[in-house]
Amino acid sequence: MSFTTRPELSGTFGMVASTHWIASATGMSILEKGGNAYDAAVATAFVLHVVEPHLNGPLGDLVGMIWPRGDDRPTAVCGQGTAPAGATIAHYRSEGLELVPGSGLLATVIPGAFDALMLLLRDCGTMGLEDVLAPAIGYAGNGHPMLPQVASSIAGTADFFRNEWPSSAAVWLPGGAAPKAGERFANPDLASTWTRLLAETASIMERSERIEAARACFYRGFVAEAIETYLDDACVMDATGERRKGVLTAQDMAGWQASFEPAIAGTYGQWSIWKCGPWTQGPALLQALNMLEGTGIADADPRGPEFVHWVTEALKLTFADREAYYGDPDHFNIPLSTLISKDYAAQRRAQIESTASLDMRPGHIDGYQALARAAIERSSMATIAGEGPGVGEPTMAHLTSRRGDTVHFDIVDRWGNMISATPSGGWLQSSPIIPGLGMPLNSRAQMFWLAEGLPTSLAPGRRPRTTLTPSMALAPDGRRMAFGTPGGDQQDQWQLSFFLRLADHGMNMQEAIDAPLFHTGHLQASFYPRQFKRGHLLVEPAFGEEAIGALRAKGHRIEVSAPWTAGRLTAVSQDIGGIFRGAATPRLMQAYAIGR
């Protein structure tokens with residue numbers, strides 16, 4: 001067995017793995033109190049809103065997968081809100097925009113995270129509203145240790161908050177100063193919001209009815225009213241450096257709900273893998289696995305240049321298809337069955353060469369040629385400079401100058417109920433704090449294009465093609481797994497390497513997480529300003545100079561990251577003997593798995 005940075009945990013009671021140790025401990029405490037995986041998930045998510053506010057919030061988004069005990073396959077959870085009624089291409093163009101800004105009020109869609117959590121609690125959980133909100137109320141009201149990354153995010157935007165977003169300054173700059181890493185930090189407005197939610201629903205004794213009342217408070221009551229009151233007058237600076245009003249209304253919020261839907265299935269050898277639909281980037285993992293199956297990658301050194309090259313070139317083709325063809329299937333005829341078919345993968349596999357491709361190459365699908373041509377044209381567009389916050393995706397802040405965004409958790413309980421979820425959006429850099437609520441709006445609308453006729457064209461009621469992409473898998477030996485990571489366009493890239501190292505090379509989950517990671521920027525970025533980094537390949541230095549040199553020789557435009565900086569993977573599993581396992585990345589030194 002190879003050395004790992006921490007043990008792969010094992011036990012017979014349950015496992016919680018998340019991107020923050022306090023959230024993991026919170027989830028485990030719910031399991032210890034008799035709650036199931038879905039109770040633990042809701043409590044974990046609300047705590048992540050508090051302790052990682054630079055990466056997610058209650059007015060953000062949530063994409064998840066659940067695998068209840070006894071079900072033969074997972075189910076997807078859609079907590080991705082849609083574009084408001086006023087979010088039209090004509091209106092955004094009239095505001096002088098060529099792209100949807102990466103921050104500010106026009107970047108928001110209907111908030112989805114809260115309703116997704118309430119749907120999970122109502123239909124899959126066992127505990128009451130007060131039980132799952134209590135930890136978050138405690139940390140928001142009484143304080144928690146400020147993460148270095150949060151302190152850095154606040155410090156980097158402090159002057160902007162003071163000058164342009166005063167409601168954010170009131171929350172993130174207590175006493176007028178940016179908090180320091182490690183200091184005790186509280187968000188009393190957020191605690192008060194949840195306390196009021198509990199108070200307004202306290203007279204309802206039946207569990208599910210109280211949860212429904214909480215949904216009504218949020219989407220048709222005081223939360224929606226506070227948002228609309230603020231947006232009626234607010235005109236704030238966004239990532240373009242201009243001030244604009246938003247279009248979200250209370251009526252938009254009242255008309256939307258989270259939902260369950262079938263997961264998308266794929267195979268790799270004797271493994272089964274499930275992802276969310278093409279309104280996420282999830283099918284990209286299935287496409288890449290189909291392409292790599294049969295290439296001989298199983299025989300390649302999983303830390304060597306041939307492995308990195310084959311995976312990278314498959315990803316380039318996959319992400320070209322993502323850009324051309326993915327979108328909300330409720331509003332566009334997505335050719336998903338073709339994209340994830342083995343025959344299509346064979347055609348795409350034949351396009352992988354021994355040297356790095358520098359081209360944008362969507363696959364040929366009859367009837368969709370115009371979409372492919374449009375994607376190629378977008379890859380050559382000039383980069384639009386930004387002035388305000390919200391340039392890029394927050395999880396990547398340590399790898400690029402102005403980026404960050406997402407959190408993740410995986411949980412399995414003693415009964416075998418399992419969940420993998422990726423909450424995101426509503427981070428502190430995305431939008432001003434709604435006064436009195438202690439939370440900002442999201443910026444997921446930046447994933448739409450302001451051009452007609454695309455699967456990702458901005459349109460009212462349409463879901464943005466989100467980057468959020470949790471995973472579940474079934475091994476040939478009957479082991480079930482839940483895994484995922486934050487990281488924007490890198491999420492399925494890092495998950496692909498993780499999965500191949502498990503499936504083909506026999507690594508345990510912690511070994512696969514600890515192994516060196518890489519990703520390509522040779523794709524149309526999902527986040528403003530939507531850059532395409534032709535031929536780009538970021539690698540961790542642990543691959544070694546020889547391997548990195550071999551990749552350069554193949555034509556990859558190499559960026560070597562700082563050590564231990566790519567990926568924030570977590571994972572849990574259950575085998576047929578009832579043994580649970582958990583693992584979490586050491587990168588950024590905050591993710592943790594807990595179990596027994």
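Predicted model: local features only at pLDDT ≥ 70, side-chain atom pairs only at ≥ 80, totals over all residues.

Biologist: Which residue caps the N-terminal end of H2?

Modeller: H2 covers residues 37-51, and 15 of its 15 residues are buried. At its N-terminal end, a side-chain oxygen lies 2.9 Å from the backbone nitrogen of Tyr38, and the residue that supplies this oxygen as the cap is Asn36.

Biologist: At about what angle does H2 run to E12?

Modeller: H2 lies across the strands E2, E3, E12 and E13, which belong to an open sheet of seven strands in the order E9-E4-E3-E13-E12-E2-E23, with antiparallel pairing. The edge strands of that sheet are E9 and E23, each pairing on one side only. Relative to E12, residues 409-412, the helix runs at about 155°.

Biologist: What is the bridge partner of Asp61 in E13?

Modeller: Strand E3, residues 61-67, pairs with strand E13, residues 418-424, in the antiparallel sense over seven bridges. Within E13, the partner of Asp61 is Ser424.

Biologist: Is Ser167 buried or exposed?

Modeller: Ser167 sits in helix H7, residues 166-172, and touches Tyr230, Pro432, Ile433 and Pro435. A polar atom of its side chain also lies 2.7 Å from the backbone oxygen of Ile433. Because its relative accessible area is 16%, and the cut-off is under 20%, Ser167 counts as buried.

How values were computed
Residues numbered from 1 in each chain as written. Heavy atoms only, no water. Pairing = 2+ DSSP bridges. Helix = DSSP H or I, 4+ residues; strand = E, 2+ residues; numbered from the N terminus. Contact = heavy atoms within 4.5 Å. Axes fitted to C-alpha atoms, helices over the stretch in contact; angles between N-to-C directions. Buried < 20%, exposed > 50% of the residue type's maximum accessible area, 1.4 Å probe, protein only. Polar contact = N/O pair within 3.5 Å; in protein donor to acceptor, adjacent residues only side chain to side chain. Lists of a residue's contacts leave out its neighbours within four places in sequence.
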